[in-house]
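Here are my notes for you on this one. Have a look at the picture first, then go through the points with it open beside you.

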Amino acid sequence: MTTPTPFDTLQQIAGGYGVARCLHVAAELGVADRIDDAPRAVADVASDVGAHAESLKRVLRLLGAHGIFEVRDDTVGHSAASRLLRTDHPQSMRSFVRMIGMPTNWSIYGALEHAVRSGRPAAEHVLQGSYWGHFESDPEDARVFNAAMEAKARGQVAAVVAVYDFGGAATIGDIGGGRGHLLRAVLDAAPGARGVLFDLPRVVNDLTALASDRLTLQPGDFFHDALPACELYMLMEVIHDWNDDDALRILQAVRRAAPPQARVLLLETMISDAPGPDWAKMLDIHMLALLGGLQRTRQEYAHLLEGAGFTLRRQIDTRAGISILEAVAA
């Protein structure tokens with residue numbers, strides 16, 4: 001393989017959104033679901049998904065050049081990557097790809113220059129409001145987003161439970177815990193513990209079926225309402241949604257509620273010091289554009305935790321694209 005010239009590098013990256021958009025379209029159409037173990041004629045797949053055969057073939061040819069699908073002559077088959085686009089795959093990425101490619105996200109990325117110039121989320125400029133507020137007014141986008149987060153969390157939650165011993169905590173608080181996937185898995189792994197799921201009322205009030213003698217639902221806003229007193233707190237991909245000032249306010253709210261020696265676990269995708277592309281650096285730009293948050297290094301998280309009254313003790317790599325930062329109330 002020849003080394004790309006500087007011209008090649010700039011050309012490929014400048015036009016790289018074409019590859020991403022082809023992937024979004026293939027996921028939206030459900031192309032992967034129409035292919036089983038044997039390759040199929042592209043024309044037949046196009047008929048199944050309601051696409052123009054020749055146009056779909058060109059899209060799949062480009063994706064195939066990047067290892068997504070295998071295209072030969074007029075047929076298309078699966079690659080290892082394209083199998084993850086099947087809805088029924090246990091590690092399906094289809095919902096996640098659809099979410100990244102939502103027209104709303106696409107339009108926000110078109111305004112990235114606004115975020116770079118102003119330091120404010122491009123979403124505010126495009127939506128005339130917050131990114132989260134958009135989902136309250138657009139149920140279909142909210143459905144796609146929630147499905148993506150559930151699919152993404154499925155593998156990560158299993159990895160977290162596999163590498164961390166939750167057995168020593170009697171009470172566990174899942175702060176900003178969404179639909180409770182992490183907390184439910186943790187309580188299954190630690191049968192002696194009780195849990196509190198804390199999130200906004202519009203989230204928690206839809207989850208009454210989850211409540212039990214071991215799982216309490218507590219609606220609230222961590223910027224304004226008191227958090228539960230627990231021996232262990234978990235915040236999974238919460239802090240990266242916020243700038244440093246707001247992130248510190250959240251952690252200070254946890255510290256006010258935390259008993260002495262309580263532990264806090266931040267579950268985040270970490271930016272490493274290693275050069276070269278990685279998902280954390282890409283996710284960092286998503287945070288810039290959509291929410292005004294950011295991905296951080298271990299040192300940056302340690303600084304935030306210290307400012308809130310916690311001491312970072314260790315970092316555990318789950319090998320599922322997310323790390324656990326364990327801190328203790330100082």
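1. Let's begin at Thr297. Leaving out residues up to four places away in sequence, Thr297 touches Met270 and Ile271, where contact means heavy atoms within 4.5 Å. You'll find Thr297 in the loop between helix H15 (279–290) and H16; helices (H or I, at least four residues) and strands (E, at least two) are DSSP runs, numbered from the N terminus. Thr297 counts as buried because its relative accessibility is 14%; buried means under 20% relative accessible area, exposed over 50%, and partly exposed in between (1.4 Å probe, protein chains only).

2. A quick word on what you're looking at. This is a predicted model, in which local features need pLDDT of at least 70 and side-chain atom pairs count only at pLDDT 80 or more, while totals for chains, interfaces and linings use all residues. Residues are numbered from 1 along each chain as its sequence is written, and side-chain values use heavy atoms, with hydrogens and water left out.

3. Now the whole chain. The protein chain has 16 helices and 10 strands, and its C-alpha atoms fill a box of roughly 65 × 45 × 40 Å along the principal axes. For 330 residues, a compact globule would have a radius of gyration near 20 Å, and the 22 Å of the protein chain agrees with that. That radius is taken over C-alpha atoms, and the globule rule is 2.2 Å times the number of residues to the power 0.38.

4. How much of the chain is buried? Of its 330 residues, 44% count as buried. Among contacts with a separation of 6 or more, 60% come from residues 24 or more positions apart.

5. Next, the largest nonpolar core, which has 31 residues; those with the most contacts inside it are Tyr233, Leu235, Ile239 and Leu266. Such a core is a set of buried Ala, Val, Leu, Ile, Met, Phe, Trp, Tyr and Cys residues joined through side-chain atoms within 4.5 Å. Elements giving two or more residues to this core include strand E7 (232–236), helix H14 (244–257) and strand E8 (263–268). H14 gives the most, with 6 residues.

6. Zoom in on Ile239. Not counting residues up to four places away in sequence, Ile239 touches Ala247, Ile250, Leu251, Leu266, Glu268, Arg296, Tyr301 and Leu304. There is also a second, separate core of 27 residues, which includes Phe166, Ala169, Ala193 and Leu267.

7. Thr171 sits in strand E4 (residues 171–175) and is partly exposed, with a relative accessible area of 28%. Apart from neighbours within four places in sequence, Thr171 is in contact with Arg194, Ala229, Cys230, Glu231 and Leu232.

8. Finally, check two backbone angles. Most residues other than glycine have a negative phi. Gln261, however, has a positive phi, near 70°; Gln261 is in the loop between H14 and E8 and is exposed, with a relative accessible area of 56%. Arg319 also has a positive phi, near 60°. Which loop holds Arg319? Arg319 is in the loop between E9 and E10, and Arg319 counts as exposed because its relative accessible area is 78%.
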